[in-house]
Amino acid sequence: MAEKLMQAVQYDSYGGGAPGLKHVEVPVPTPKDDEVLLKLEATSINPVDWKIQKGALRAMLMPGKFPHIPCTDVSGEVVEVGQQVKDFKAGDKVLAKLSTQYGGGLAEFAVASEILTAARPSEVSAAEAAGLPVAGLTAHDSLTEIGGIKLDGSEPKNVLVTAASGGVGLYAVQLAKLGNNHVTATCGARNIDLVKGLGADEVLDYKTPEGVSLKSPSGKKYDVVINCTTGIRWSTFDPNLAKNGVVVDLTPSPRSMFTFALKKLTFSKKRLVPFIVSIKADGLKHLAQLVKDGKLKTIIDSKFPLSKAEDAWAKSIDGHATGKIIVEL
């Protein structure tokens, strides 16, 4: 019997940017015993996707092989399940996080591990769901696991979110406010009203002296900083932190790793903690429920068809998207 084929977008080597993406026809993948085969409806692009193409994670053996179909954050419909899959059946609408090493999101079909797949409520669109896995859980877990934020509002704190109009930042502002925290945010001037509208109490234009210094207009010291950008030195964070303040660094660099080690060695009460999220199905389910309940929004910058995936890729690399960039299948 002839092999079933699908449309996909892939690249054959490191480098190349958007022009390096190729539209191809490849076989539909077959799910393993613990996997589900999804007919994809939407995929979101994260910065890590094109950083893998640039070779930034080559030392971690990413991608796992060439050619590589990139992107990992998807939503769609289950069309086939492996023999050991218990929680899903054909026809179920889901969101999922695909393997970072092997990707697969820029295609008509993809396989996902059952333990990285969650049911998608009918009230949540495919595009909204596709934005959640990496960006949404990075925001959620950095706040709760490292920052000690209680989303039930029982222990309000002062929170700073840098680059608050990006994919992670917009979720972080909303989740921090959900916990009744005082939120200060930085972003570009054109996005100040959007970030305020999502609940931020104070918003600083990152290009102004106030934005560069990160000082709270109300004079508050930050208990938690969710740092979604690069290039801010510890000497800028330090005077703005509360006595036991913590900076959660979502874009770790050699400089920040040195600061992290130094703070541990000197038993400093003020800390900088590099953070890379670990995706779990329960987390995906929780975020999807928050979206269903109207407590969390996926802010979508733009949508592209698979035939224009290279335009979506270029827009992400450009770095000025407000929210998530979605490829619709």
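These legends walk through close-up views of a predicted model.

**View 1. An aromatic pair brings together Y14 and F66**. The structure has two aromatic pairs. In the one shown here, the ring centres of Y14 and F66 are 5.0 Å apart and the ring planes stand at 90°, so the pair is edge-to-face. This pair links distant parts of the chain, with its two residues 52 residues apart. Y14 belongs to the loop between β1 (5-10) and β2 (22-27), while F66 belongs to the loop between α1 (47-54) and β4 (73-81). Y14 counts as partly exposed because its relative accessibility is 24%. F66, at 33% relative accessibility, also counts as partly exposed. Look for Y11 too: ring pairs link Y11, Y14 and F66 into a cluster.

**View 2. The charged end of K51 sits over the ring of W50**. Here you can follow the side chain of K51 to its charged end, which is 5.9 Å from the centre of the W50 ring.

**View 3. The largest nonpolar core has 46 residues**. The members that touch the most other members are L132, L143, V161, V173, V195, I226 and L296. Several helices and strands each supply at least two residues of this core, including α3 (132-146), β8 (158-161), β11 (222-227) and α9 (281-292). Helix α4 (167-178) is another such element, and α4 gives the core its largest share, six residues.

**View 4. V173 and its contacts**. V173 is one of the core members that touch the most others. Setting aside neighbours within four places in sequence, V173 is in contact with V161, A164, V183, A185, V195, L198 and A200.

**View 5. T43 is a buried residue of strand β3**. Strand β3 covers residues 35-45 and includes T43. T43 counts as buried because its relative accessibility is 0%, and buried means under 20%. Its side chain reaches the backbone oxygen of G105 at 2.8 Å. Leaving aside neighbours within four places in sequence, the residues in contact with T43 include C71, D73, V74, L106 and A130. I325, I326, V327 and L329 are also among the contacts of T43. For a sense of scale, the C-alpha atoms of T43 and H140 are separated by 20 Å, and these two residues are 97 residues apart along the chain.

Key:
Residues are numbered from 1 along each chain as its sequence is written. This is a predicted model: local features need pLDDT of at least 70, side-chain atom pairs count only at pLDDT 80 or more; totals for chains, interfaces and linings use all residues. Side-chain values use heavy atoms; hydrogens and water are left out. Rings of Phe, Tyr and Trp (its six-membered ring) pair if their centres lie within 6.5 Å; planes under 30 degrees apart count as stacked, over 60 as edge-to-face and the rest as tilted. Helices (H or I, at least four residues) and strands (E, at least two) are DSSP runs, numbered from the N terminus. Buried means under 20% relative accessible area, exposed over 50%, partly exposed in between (1.4 Å probe, protein chains only). A charge sits over a ring if NZ of Lys or CZ of Arg is within 6 Å of the ring centre and within 35 degrees of the ring normal. A nonpolar core is a set of buried Ala, Val, Leu, Ile, Met, Phe, Trp, Tyr and Cys residues joined through side-chain atoms within 4.5 Å. Contact means heavy atoms within 4.5 Å. A polar contact is a pair of N or O atoms within 3.5 Å; within protein, one must be able to donate a hydrogen and the other to accept it, and residues adjacent in sequence count only if both atoms are side-chain atoms.
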